[in-house]
Amino acid sequence: MKKVLTYGTYDLLHVGHINILKKAKELGDYLIVGLSTDEFNAIKGKKSFYTYEQRKTILEAVKYVDLVIPEKTWEQKTDDVKKYNIDIFVMGDDWEGKFDFLKEYCEVKILPRTPDVSSTSARNYLDEAYKTLLKS
C-alpha cells in the first residue's frame with residue numbers, strides 16, 4: 001500500500017482544496033491529511049473561519065481523504081513521515097523547495113495550485129459582500 005501525506009489549514013473548503021486532495025490520492029492508496037490546529041494557526045498568524053474540529057469533520061467527509069491528523073508544529077513532518085510510513089509527501093507549488101529535507105525519507109511531489117482560487121480570496125469576497133449588505 002502506497003501512503004501519501006499532505007498538510008494544510010483547509011478553511012472554507014473550495015475546488016482548489018478538492019483538486020489537490022484528488023491529485024494527492026491518485027498518487028497512492030491511502031491519503032493522510034495533516035490539518036493545522038487552531039493553536040498552530042495562531043502561531044502562524046492565521047485565524048480560520050471554522051474550528052479545527054469543524055474542518056476535520058469536513059475533510060473526513062471528502063472521499064479522497066483516509067485519515068486526518070493534527071498539525072501542531074512545523075517540525076512534526078519528519079516524525080509523521082516516519083510514524084505513518086509515508087511513501088509520498090505532497091504540497092502545492094506555493095511550498096516548492098520548502099520540504100526538500102523530507103526527500104531523505106520519502107518522495108516529495110509538488111503539485112500545481114488551482115489558479116485564481118484560495119481561502120483568502122473567498123474570505124475577502126465574503127467580507128466585501130457582507131460590508132455591502134450592511135450598507136444597504
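This is a predicted model: local features need pLDDT of at least 70, side-chain atom pairs count only at pLDDT 80 or more; totals for chains, interfaces and linings use all residues.
**Charges over rings**

I started with Lys 3: its charged end sits over the ring of Tyr 30, 6.0 Å from the centre. I count a charge as over a ring if NZ of Lys or CZ of Arg is within 6 Å of the ring centre and within 35 degrees of the ring normal. I then looked up Lys 44, whose charged end sits over the ring of Trp 74, 5.6 Å from its centre.

Residues are numbered from 1 along each chain as its sequence is written, and side-chain values use heavy atoms, with hydrogens and water left out.

**Aromatic rings**

How many aromatic pairs does the structure hold? I find seven, taking rings of Phe, Tyr and Trp (its six-membered ring) as paired if their centres lie within 6.5 Å, with planes under 30 degrees apart stacked, over 60 edge-to-face and the rest tilted. Phe 99 and Phe 101 make a tilted pair, 6.1 Å centre to centre and with 55 degrees between the planes. Phe 99 is buried at 6% relative accessible area, whereas Phe 101 is partly exposed at 42%. For these words I use under 20% relative accessible area for buried, over 50% for exposed and partly exposed in between (1.4 Å probe, protein chains only). Both residues belong to one aromatic cluster, together with Tyr 7, Phe 40, Trp 74, Phe 89 and Trp 95.

**Glu 71**

I next went to Glu 71, in strand β3; helices (H or I, at least four residues) and strands (E, at least two) are DSSP runs, numbered from the N terminus. Is Glu 71 buried or exposed? Glu 71 is buried, with a relative accessible area of 3%. Its side chain makes a polar contact with the side chain of Lys 77 at 2.6 Å. A polar contact here is a pair of N or O atoms within 3.5 Å; within protein, one must be able to donate a hydrogen and the other to accept it, and residues adjacent in sequence count only if both atoms are side-chain atoms. Not counting residues up to four places away in sequence, Glu 71 also touches others, including Tyr 7, Phe 40, Lys 44 and Gln 76; contact means heavy atoms within 4.5 Å.

Lys 77 took me to helix α4 (residues 76-83), whose buried residues are Gln 76, Lys 77, Thr 78, Asp 80 and Val 81. The cover over them includes β1 (3-8), β3 (67-71) and β4 (88-92).

Just after α4, I noted a positive phi of about 50 degrees at Asn 85. Leu 12 lies in the loop between β1 and α1 (15-26), and Asn 85 in the loop between α4 and β4. Leu 12 is buried at 14% relative accessible area, while Asn 85 is exposed at 54%.

**Helix α3**

Which residues of α3 (52-60) are buried? They are Tyr 52, Arg 55 and Leu 59. Among the elements covering them are α1, β2 (30-36), α2 (38-43) and β3.

**The nonpolar cores**

Leu 59 came up again in the largest nonpolar core, of 17 residues, where Tyr 10, Leu 21, Leu 31, Val 33, Leu 59 and Val 65 touch the most other members. At least two residues of this core come from each of α1, β2, α3 and β4. A second, separate core of 13 residues includes Ile 69, Tyr 84, Leu 102 and Cys 106. I take a nonpolar core as a set of buried Ala, Val, Leu, Ile, Met, Phe, Trp, Tyr and Cys residues joined through side-chain atoms within 4.5 Å.

Val 33, in strand β2, has a relative accessible area of 0%. Beyond four places in sequence, Val 65 is in contact with Leu 21, Leu 31, Val 33 and Leu 59.
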